[in-house]
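Subject: Structure for you to look through

Hello,

Here is the structure I said I would pass on. Please open it first and read the notes below with it in view.

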Amino acid sequence: MTQDELKALVGQAALQYVVPGEIVGVGTGSTVNKFIDALATMKDQIPGAVSSSEASTARLKALGIPVLEANDVAELSVYIDGADEIDAQGYMVKGGGAALTREKIVAAQSRRFVCIADESKLVQALGAFPLPVEVIPMAAARIARQFATLGGEARVRLKDGVPLVTDNGQHILDVTGLRITDPLAFESEVNQWPGVVTVGVFAHQKAQVCLLGTSSGVKTLTF
């Protein structure tokens, strides 16, 4: 199967975790787009969704799925999102789609995080994928120097030759050269650096379930 077909497979499989009558948390990215398309088939069974990005909000609304504000919802039963990397403990690197801050907010609001990904995303240790870090622009150069002390090389993410601006009006550093062996401690440390909005390590908001698209079908991992 192609990677696109694997994404469609796990997007469809994630429907079993949607609780009828309850609002669902929806992430961002190409795999989640497949889930949103599948979710449209049962939109009459849910009150709506809380979305982690403007892009996902637009797609949900286009398919007739109501989108609610996070502040208007006390708790979500489930949050369904992809990952750029996920390890054997359910710790993830996320933010390739630049929505990491809102993704982490919705994940924190949810009782269960279900990660949907193809098998190429499963890794032994986090860090091969460039780590996204959303930062306040005036702090970008100093935060890049802090990553250098850890052996990482941080670059401002560009779009059309200028710094990409997130849905929150901030910039993103992509950090290469890291091997994150203690994701919980790493996330806690970097989140304390002044100017960091969110680091793309999801350890405190880890996945409880991962639906992994493989050549032999969907493999369910639980953590």
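In which helix is T101 found? T101 sits in helix α4, residues 100-108. Helices here are DSSP runs of H or I with at least four residues, strands are DSSP runs of E with at least two, and both are numbered from the N terminus.

Two remarks on the source. This is a predicted model, in which local features need pLDDT of at least 70 and side-chain atom pairs count only at pLDDT 80 or more, while totals for chains, interfaces and linings use all residues. Residues are numbered from 1 along each chain as its sequence is written, and side-chain values use heavy atoms, with hydrogens and water left out.

T101

T101 counts as buried because its relative accessibility is 10%. Buried means under 20% relative accessible area, exposed means over 50%, and partly exposed is in between (1.4 Å probe, protein chains only). The side chains of T101 and E134 are joined by a polar contact of 2.6 Å. A polar contact is a pair of N or O atoms within 3.5 Å; within protein, one must be able to donate a hydrogen and the other to accept it, and residues adjacent in sequence count only if both atoms are side-chain atoms. With neighbours within four places in sequence left aside, T101 is in contact (heavy atoms within 4.5 Å) with E134, N168, V197 and T198.

Two loop residues with positive phi

A98 lies in the loop between β6 (92-93) and α4. Its phi is near 70°, a positive value in a residue other than glycine. D160, in the loop between β10 (158-159) and β11 (162-163), also has a positive phi, near 55°. Is each of them buried or exposed? A98 is buried, at 13% relative accessibility, whereas D160 is exposed, at 75%.

Helix α3

In helix α3 (residues 54-62), the buried residues are S56, T57 and L60. They cover an arc of only 105° around the axis, so they are on the same side of α3. The arc is that of the directions from the helix axis to the C-beta atoms. The face turned away from that buried side carries the exposed residues A55 and A62. The buried residues of α3 pack against β1 (24-26), α2 (30-39), β2 (49-51) and β3 (67-68). After α3 comes G64, with a positive phi near 85°.

Regards
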